[in-house]
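The entries follow the order in which I looked.

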Amino acid sequence: MGIRIVIADDQAMVRAGLRMVVESDPGMEVVGEAADGREAVAVARRTRPDIVLMDISMPRLDGLAAAKELLDAPSPPKVITLTTFDTDENLYAALRAGTSGFLLKVSPPEQLLEAIRVVHAGDALLDPGVTSRVIATFAGQAEPRPSPALAELTPRELEVLRLLARGRTNTEIAGELYVGEATVKTHVARVLMKLSLRDRAQAVVFAYETGVVRPGAA
């Protein structure tokens, strides 16, 4: 089965363009569209997609609120937020809401398709270097809040969390720790499970907000 996708954007022409790009890939299928956040939640619940492409700025219910409503439910889809504006505030807010990716609407078609594949696979963040830099900036504005859940991690798992937060890919983590990529994937899965996190995006937010990684970390 292909990757099932819902497109949520209040502009009909944007939805049509996104549909054309998505359906140019034989491994992807658009199973629904929505013109506002409230409709996006309803369509996603009815069609049960793998991915929702969610515009941030929409009427009735904005994309971030709609994403949070979907992601708080059992067995949620992955959400990639779309925006016209490359603002740090939107990126941070999208990740805090639990979304798995952030993409500008001006991104080339091949980048959108790759973003869908990456998020569906759950292997990596989109633009992890940019993501971790932005989170570091915002998380650094408040005092870190250590979490008791960190005590559940082994020293190696804690190191993997630090490297995730610094934007490292699985390949880069494997190289730094001198282990195989399969081992890294196992460590990442255990980190997410022990910390009750949905994906790597949430792991990055968690690491900065709890002080595991401090702003400016290389």
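Before counting any pairs I noted the rule: two strands pair if DSSP finds at least two bridges between them. I also noted that this is a predicted model.

**Entry 1: the sheet**

I looked up strand 1 and strand 2, and found 6 bridges joining them, with the two running parallel. One pair I checked was V6, whose bridge partner in strand 2 is G32. Strand 1 is also joined to strand 3, by 4 bridges and again in parallel. There I7 stands opposite L53 in strand 3. Strand 3, residues 51–55, is in turn joined to strand 4, residues 78–83, by 5 bridges, and these two run parallel. D55 stands opposite L82 in strand 4.

I then wrote down the whole sheet: 5 strands, open, in the order 2-1-3-4-5, with parallel pairing. The edges are strand 2 (28–34) and strand 5 (101–104), each pairing on one side only. Neighbouring strands are turned by 25 degrees against each other on average, direction ignored.

**Entry 2: the helix on the sheet**

I looked up helix 1, residues 12–23, and found that it packs on the sheet, touching strand 1 (3–8), strand 2, strand 3 and strand 4. The direction of helix 1 makes about 165 degrees with that of strand 2. Together, strand 1, helix 1 and strand 2 make a right-handed β-α-β unit.

Why is strand 1 largely enclosed by the rest of the structure? I found that 5 of its 6 residues are buried, so the rest of the structure largely encloses it.

**Entry 3: salt bridges**

I counted 15 salt bridges in the structure. The side chains of R15 and E33 meet in one of them, at 3.1 Å from N to O. R15 lies in helix 1 and E33 in strand 2, 18 residues apart, so I noted the pair as a link between distant parts of the chain. Is R15 buried or exposed? R15 counts as buried because its relative accessibility is 14%, and buried means under 20%. E33 is partly exposed, with a relative accessible area of 26%. I also found R15, R19, E23 and E33 linked in a network of salt bridges.

Next I looked up K194 and E157, whose closest N and O atoms are 2.8 Å apart in a salt bridge. This pair also links distant parts of the chain: K194 is in helix 9 (residues 181–194) and E157 is in helix 7 (residues 155–165), 37 residues apart. K194 is partly exposed at 28%, whereas E157 is buried at 3% relative accessibility.

Last, I looked up R168, which forms a salt bridge with E176, the closest N and O atoms being 2.6 Å apart. R168 counts as partly exposed at 21% relative accessibility, and E176 is partly exposed with a relative accessible area of 39%.

How values were computed:
Residues numbered from 1 in each chain as written. Predicted model: local features only at pLDDT ≥ 70, side-chain atom pairs only at ≥ 80, totals over all residues. Heavy atoms only, no water. Axes fitted to C-alpha atoms, helices over the stretch in contact; angles between N-to-C directions. Contact = heavy atoms within 4.5 Å. Buried < 20%, exposed > 50% of the residue type's maximum accessible area, 1.4 Å probe, protein only. Right-handed = clockwise from strand over helix to strand, strands pointing away. Salt bridge = Lys/Arg side-chain N within 4 Å of Asp/Glu carboxyl O.
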